[in-house]
Amino acid sequence: QEGVLNFTTLLYTIKFETMANATDDAEKTHVNEENMEFSSDESDIEQESNMSFQQVPVKPRKLSVTNRSSTLTGLQNLPPEIMFSILQLIDIPLLMSEIKFVSRYFYDFLTSPEFWEMRLGSCLCSASPDAFLKVSSAELEHMNKVGIIRCVHELECGKSLSYSKRVVQYRSKANHYGDIHCVKILSGPAANIAISGSRDKTICVYDLTQLSSSADCVVNTNTDHNGWIWTVDQEPGSSRVSSGSWDSFVHFYELARGDIELTSKLSAHSAVLCTRYEPSFLIYGTYSKFVCGYDVRGGVAAWSLRHHTKPVLSVASSEHFIWSSGEDHALTCYDRRAGRLLKRIKMERISSAIQYTEPYLWVAGYDGLVKCFNQDMKIMNKFDTGHSAPILDMSNTLGATVTACKDGVVKVFSPNLSAVQWNSFSLGNSASCVDYRGGVVMAGCCDSSVTFWKNTDLSI
């Protein structure tokens with residue numbers, strides 16, 4: 001950390017020397033005052049994420065960066081391979097918000113596709129000698145679609161949990177008095193906020209910026225439900241969340257600076273066990289064996305499907321498909337375009353959690369296995385998590401795959417098909433639910449506690 005700080009200080013020195021001595025009008029236009037505005041968020045990562053690539057190299061290839069700066073220093077005269085090794089140690093938000101604008105040289109370096117291809121290849125290969133070999137062409141295509149810089153950032157956040165000596169645990173136990181059934185780490189306008197739902201009919205709101213061993217990070221609670229809360233979810237790109245309960249209602253809330261305000265209700269006529277909140281649309285599964293769609297903006301029911309013979313435990317969706325799993329051991333796929341059931345698979349054990357992260361559907365079950373299916377419901381891979389009891393919940397993102405098990409263990413894996421185990425955490429009691437986002441793992445336990453893990457080097 002001290003070395004990175006000294007390196008950053010040196011970069012600022014170079015920046016001001018470059019600004020003072022630059023006489024080329026084109027140079028001044030390229031590094032102008034507007035570009036020198038630094039930000040503490042990660043918006044620059046999103047702006048640069050449209051950079052594409054064809055293949056991630058296993059071995060680093062020679063960088064071709066043209067140095068056009070009018071003022072060269074010893075640092076800028078370093079071979080590109082050495083500069084890559086130095087810049088690889090610096091967090092991406094700092095690279096994109098500040099270091100990129102130090103000089104023309106660093107701007108060219110950090111907007112070079114080769115730099116990000118090498119950094120992604122290094123991240124994948126360092127997880128396991130054969131990790132890169134198991135990244136499918138479909139995954140590479142999705143990385144290209146999402147943006148290489150965002151993919152690298154997400155992977156590095158997830159991989160930070162593998163450094164056990166730097167990972168710290170925070171536990172909150174004084175707010176719920178019943179089993180925790182659902183947890184969710186929010187993003188977008190509600191970033192750094194998390195919520196949990198429990199058998200005590202309460203939703204708790206957590207401020208992740210206040211995580212510490214000496215203070216509780218709960219900033220608000222809500223008790224509008226009259227039954228056990230089984231599921232919570234967030235509408236993408238907004239601060240709106242939903243909660244489903246045993247009282248047969250779905251509640252919709254608006255979160256603002258930790259405040260939680262009830263905005264509307266949906267009567268589902270049966271206990272709501274799982275939800276999937278799409279933009280302005282909610283898909284939910286019920287104890288009465290139905291999978292239903294609800295137009296949130298219009299406030300009207302859209303459709304209902306009955307493809308299960310027992311309660312529906314989990315739902316997932318994409319633009320063209322809806323998947324569901326139930327206590328009847330069935331995994332179903334509904335084609336939204338054709339308006340019909342596309343496929344129904346009978347699993348050996350109950351599939352407790354399903355989640356779609358393009359390009360695959362991830363399925364975790366009571367057999368301790370995690371299976372990956374493509375959209376045609378063809379199994380692409382399955383791996384044994386090593387859990388000694390049924391998996392009760394799972395979270396899969398671009399950064400990591402996390403499982404929660406009845407044996408009281410939470411495990412973190414790489415998010416691709418290679419599924420390299422990065423770390424495991426013991427709770428001592430059954431881990432009933434889990435969520436992951438941006439380098440933070442959140443798990444609910446049957447002893448009414450909520451536990452967080454994060455790398456201390458990560459700033460939330």
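Reply: Helices and strands here are DSSP runs numbered from the N terminus, a helix being H or I over at least four residues and a strand being E over at least two. Please keep in mind that this is a predicted model.

Me: Where is S448 found?

Reply: S448 has a phi near 70°, which is a positive value in a residue other than glycine. At 11% relative accessibility, S448 counts as buried, because buried means under 20%. As for its place in the chain, S448 is found in the loop between β27 (440–445) and β28 (450–455).

Me: What is the place of A419?

Reply: A419 also has a positive phi in a residue other than glycine, with a value near 50°. A419 is buried, with a relative accessible area of 11%. The place of A419 is the loop between β24 (409–413) and β25 (421–426).

Me: Which residues of helix α8 are buried, and which are exposed on the other side?

Reply: Helix α8 covers residues 137–146, and its buried residues are E139, L140, H142, M143 and V146. Seen down the axis of α8, these buried residues fall within an arc of 160°, so they line one face of the helix. In general, an α-helix has 3.6 residues a turn, so residues three or four places apart point the same way. On the other side of α8, the exposed residues are S137, E141 and K145.

Me: Which strands stand at the edges of the open sheet of four strands, and why is one side of each left without a neighbour?

Reply: The order of strands in this open sheet is β18-β19-β20-β21, and the pairing is antiparallel. Each edge strand has a single partner strand, so one side of each is left without a neighbour in the sheet, and these edge strands are β18 (351–357) and β21 (379–384).

Me: By how many degrees are neighbouring strands of this sheet turned against each other on average?

Reply: The sheet in question is the open one with the order β18-β19-β20-β21. With direction ignored, its neighbouring strands are turned against each other on average by 15°.

Me: How many bridges join β18 to β19, and which residue stands opposite Y356?

Reply: Strand β19 covers residues 360–365 and runs antiparallel to β18, with six bridges joining the two. In the loop between these strands lies P359, and the peptide bond from E358 to P359 is cis, with omega near 15°. Within the pair of strands, the residue opposite Y356 is L361 in β19.

Me: How far apart are the closest N and O atoms of R240 and E235?

Reply: A search of the whole structure finds eight salt bridges, and one of them is formed by R240 with E235. R240 is partly exposed, with a relative accessible area of 35%, whereas E235 counts as buried at 4% relative accessibility. The closest N and O atoms of this pair are 2.5 Å apart.

Me: How many residues apart are D328 and R344?

Reply: D328 forms a salt bridge with R344, and their closest N and O atoms are 3.2 Å apart. The pair links distant parts of the chain, since D328 is in the loop between β15 (321–326) and β16 (330–335) while R344 is in strand β17 (residues 340–346), and the two are separated by 16 residues.

Me: Is D328 buried or exposed?

Reply: The relative accessible area of D328 is 5%, and because buried means under 20%, D328 is buried.

Technical notes: Residues are numbered from 1 along each chain as its sequence is written. This is a predicted model: local features need pLDDT of at least 70, side-chain atom pairs count only at pLDDT 80 or more; totals for chains, interfaces and linings use all residues. Side-chain values use heavy atoms; hydrogens and water are left out. Two strands pair if DSSP finds at least two bridges between them. Axes are lines fitted to C-alpha atoms, for helices over the stretch in contact, and angles run from 0 to 180 degrees between N-to-C directions. Buried means under 20% relative accessible area, exposed over 50%, partly exposed in between (1.4 Å probe, protein chains only). The arc is that of the directions from the helix axis to the C-beta atoms. A salt bridge is a side-chain nitrogen of Lys or Arg within 4 Å of a carboxyl oxygen of Asp or Glu.
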